[in-house]
Structures are given as structure tokens and as C-alpha cells.
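Good morning, everyone, and thank you for making time for this. I would like to walk you through one protein model, going from the overall layout to a few particular side chains, so please have a look at it on the screen.

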Amino acid sequence: MIWPGMGDPAKRRKTLKFLALTAAVGISVGVTSTFVQQWFHMDDPLRVCINNVKTNYKITATLELYVDKEKIEIPANIGNNDKCRHSLYTLTNDGIIHAEWKEKFPFEIGHFLWAWTTFHENGFPIRDMDQSKSKIYVNNNESKDYIHTPIVDGYHYRAEFFTRTYDKSTEHDFAPPK
């Protein structure tokens, strides 16, 4: 079979030139886009490493996490590895969240969950959660801001998430045994 544009040698050259030009433009746009995004995120506290940054704003808070009524352990070293420490991180698996930046920044619980998903191999699957049933509690009071709840120094947070596939019928006595 002869592919369209490949039979005649003159058309073949034009087709290959067009394909090469299209590939060059596509690659250059991709590379340029990557550099432009890095430039704009150079001072974004959620993306940069703070290893060599003088951080004047430091806060800590505790977070308890439940998924489908089961307590989930928040792993150690979220946002923290040998080469890079991000502005939101954990050091141990006791639920203490650390946040640092040059000046005061409005860190949120959602930022921590995003950092967990982005900078840790076993991220938190926030997209699998049913937002209409999930809740965030701040010092035992329900927050109306859900994952946009601000992280305040010394506060205690309790996040209760329910997956979209969570079946409440397993909680009732009349359900058949497993």
C-alpha cells in the first residue's frame, strides 16, 4: 500500500518536510512551556524546595485522617526527601504537619493533601472521595471550607473522607455477615 503523499518523490519530500516542521514546532512549544511554567512557579511555596530558603514563617498542626470510618496513618516524610524539603511536610507518622515559608502564607488542608499526592509515592486519592459526604473538623467544629480550611498554628484537624464506593449498609445490624 502506498501512503497518501508518499508515491510521487516530490510529494514525499513535501510531506516529510511538513512532518519534520510540525514535530519541531511541537517539541519547541513543549520545551518553552516547561521553562515558562518553571519561571512562574519559581516563588510558589507549594512547589519549590525550601532547603536554601530562610523561612521566617513556621507553623505546625495535627491532622487525624479517616477514610470510610477507618483511621489512616499519615506517613512520615511527606514533602521531605534527601534532596528537597517542600514547604508542607511531615517528619514522623504521628500526624504533625509542618509548614514553612519566607512570610505568612495561607496554607490549607487541601495544600497538604496535594503535597502528599504530588511529592510522595503513595499519595492521598482525593479524587476518589465523595465530597458531599466528606468533612473537615477544626478543634472538633465542622469547617464550612472543606479542604480549603486554613492551617493555623497549634490547631487540631480531623478529616473524615468517604470514598465514592463506600456502602453504608455494612454498618447496620441487619446486613448479612461477611
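Let me begin with the layout: the protein chain has two helices and seven strands, and if you read along the sequence they follow the pattern α-β-β-β-β-α-β-β-β. Please keep in mind throughout that what we are looking at is a predicted model. Of the 178 residues of the protein chain, 34% count as buried.

Now to the cysteines. The structure holds one disulfide, which joins Cys-49 to Cys-84 with an S to S distance of 1.8 Å. The pair links distant parts of the chain, 35 residues apart, since Cys-49 is in the loop between H1 and strand S1 (57-67), whereas Cys-84 is in the loop between strand S2 (70-72) and strand S3 (88-89). The torsion about the S-S bond of Cys-49 and Cys-84 is about -110°, and therefore we call the disulfide left-handed. Are the two partners buried or exposed? Cys-84 has a relative accessible area of 9%, which is under 20%, so this residue is buried, while Cys-49, at 36% relative accessibility, counts as partly exposed.

Let me turn to the surface. Lys-11, Arg-12, Arg-13, Lys-14 and Lys-17 gather there in a patch of positive charge. One of them, Arg-12, has its place in helix H1 (residues 9-40) and is partly exposed, with a relative accessible area of 35%. There is also a nonpolar surface patch, of about 320 Å², made by Leu-16, Phe-18 and Leu-19. Of these, Leu-19 is found in helix H1, and this leucine counts as partly exposed at 46% relative accessibility.

Finally, the charged pairs. Side chains of opposite charge can pair when their charged atoms come close. How many salt bridges does a search of the whole structure find? The search finds four, and I will show you some of them. In one, Glu-64 is joined with Lys-71, the closest N and O atoms being 3.7 Å apart, and Lys-71 is exposed, with a relative accessible area of 55%. In another, Lys-133 meets Asp-130 at 3.7 Å, N to O; here Lys-133 is partly exposed at 33%, but Asp-130 is buried at 18%. Arg-158 and Glu-160 also meet in a salt bridge, at 2.7 Å from N to O, with Arg-158 partly exposed at 27% and Glu-160 buried at 18%.

Notes. Residues numbered from 1 in each chain as written. Predicted model: local features only at pLDDT ≥ 70, side-chain atom pairs only at ≥ 80, totals over all residues. Heavy atoms only, no water. Patch = residues over 30% accessible without salt bridge, like charges linked within 9 Å, V, L, I, M, F, W, Y side chains within 5 Å. Areas by Shrake-Rupley, 256 points an atom, 1.4 Å probe, with all protein chains shown as cover. Salt bridge = Lys/Arg side-chain N within 4 Å of Asp/Glu carboxyl O. Lys, Arg positive; Asp, Glu negative; His and termini not counted. Charge placed at Lys NZ, Arg CZ, Asp CG, Glu CD. Helix = DSSP H or I, 4+ residues; strand = E, 2+ residues; numbered from the N terminus. Buried < 20%, exposed > 50% of the residue type's maximum accessible area, 1.4 Å probe, protein only. Disulfide = S-S within 2.5 Å.
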